[in-house]
Amino acid sequence: MKIGDKVSVVDEDLNGIVTSVHGNIVVFKDEYGFTHQYPKEKLVPKVSDFYETVEVVKKAEPKKNISKKHQRNHLVLDLHFHNLVKNPSDYDSFERLFIQKEKLMETLEFCRKNHLKRLEIVHGIGDGTLQKLVWDTLESQTNLDFYNKEILHHQSGAVMVEFH
């Protein structure tokens with residue numbers, strides 16, 4: 001080490017420029033003008049271009065493994081009656097509601113049996129009869145939470161169910 005070299009102290013947040021060397025003792029001034037004395041073995045030279053010759057290798061981030069069960073999208077149950085039967089006009093309103101409730105119960109059981117975490121139930125926006133049936137059915141179930149899918153809670157047309 002010689003006068004004018006930049007040095008840094010090992011295990012301390014302190015550095016500066018060497019002002020004098022007396023045998024094994026090095027005297028340097030920090031950035032605030034204070035003088036410090038340290039033995040040579042406690043100092044490390046600061047070479048500004050030291051790392052310019054070192055090649056930096058970027059490694060790919062390891063991907064987090066997601067189980068296949070959680071990777072797929074949630075199940076969607078559309079309770080619009082024309083999606084449930086071939087000839088919707090052959091049924092009266094009571095039969096329609098009964099079939100829609102049966103389909104809802106089957107799907108809830110399927111989700112529990114297959115350990116699905118989420119189910120989206122599309123009931124549509126109408127006079128509110130089917131929506132009330134869906135909400136009443138979900139309220140009677142255990143180990144699940146449900147909420148309107150849309151941010152605006154009125155007129156959403158869909159309910160999201162999360163199983164515990």
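A salt bridge is a side-chain nitrogen of Lys or Arg within 4 Å of a carboxyl oxygen of Asp or Glu. The views below show details of a predicted model.

**View 1. Salt bridge between Lys 2 and Asp 5.** The closest N and O atoms of Lys 2 and Asp 5 are 3.5 Å apart. Lys 2 is exposed, at 55% relative accessibility, whereas Asp 5 is partly exposed, with a relative accessible area of 22%. A search of the whole structure finds three salt bridges.

**View 2. Salt bridge between Glu 162 and Arg 118.** Here the closest N and O atoms are 3.8 Å apart. Because Glu 162 belongs to strand S9 (residues 158-163) and Arg 118 to strand S7 (residues 118-122), the pair ties together parts that are 44 residues apart in sequence. Glu 162 is partly exposed, at 30% relative accessibility; Arg 118 is partly exposed, with a relative accessible area of 35%.

**View 3. Salt bridge between Asp 136 and Lys 132.** The closest N and O atoms are 3.0 Å apart. Asp 136 and Lys 132 are four residues apart in helix H3 (residues 129-139), which means that about one helical turn separates them.

**View 4. Negative surface patch.** Asp 11, Glu 12, Asp 13 and Glu 31 form this patch. Asp 11 lies in the loop between strand S1 (6-9) and strand S2 (15-22) and is exposed, at 77% relative accessibility.

Notes:
Residues are numbered from 1 along each chain as its sequence is written. This is a predicted model: local features need pLDDT of at least 70, side-chain atom pairs count only at pLDDT 80 or more; totals for chains, interfaces and linings use all residues. Side-chain values use heavy atoms; hydrogens and water are left out. Patches are made of residues with over 30% relative accessible area and no salt bridge: like charges are joined within 9 Å, nonpolar side chains (Val, Leu, Ile, Met, Phe, Trp, Tyr) within 5 Å. Accessible areas come from the Shrake-Rupley method with a 1.4 Å probe; for residues, only the protein chains shown count as cover. Lys and Arg count as positive and Asp and Glu as negative; His and the chain ends are not counted. The place of a charge is taken as NZ of Lys, CZ of Arg, CG of Asp or CD of Glu. Helices (H or I, at least four residues) and strands (E, at least two) are DSSP runs, numbered from the N terminus. Buried means under 20% relative accessible area, exposed over 50%, partly exposed in between (1.4 Å probe, protein chains only).
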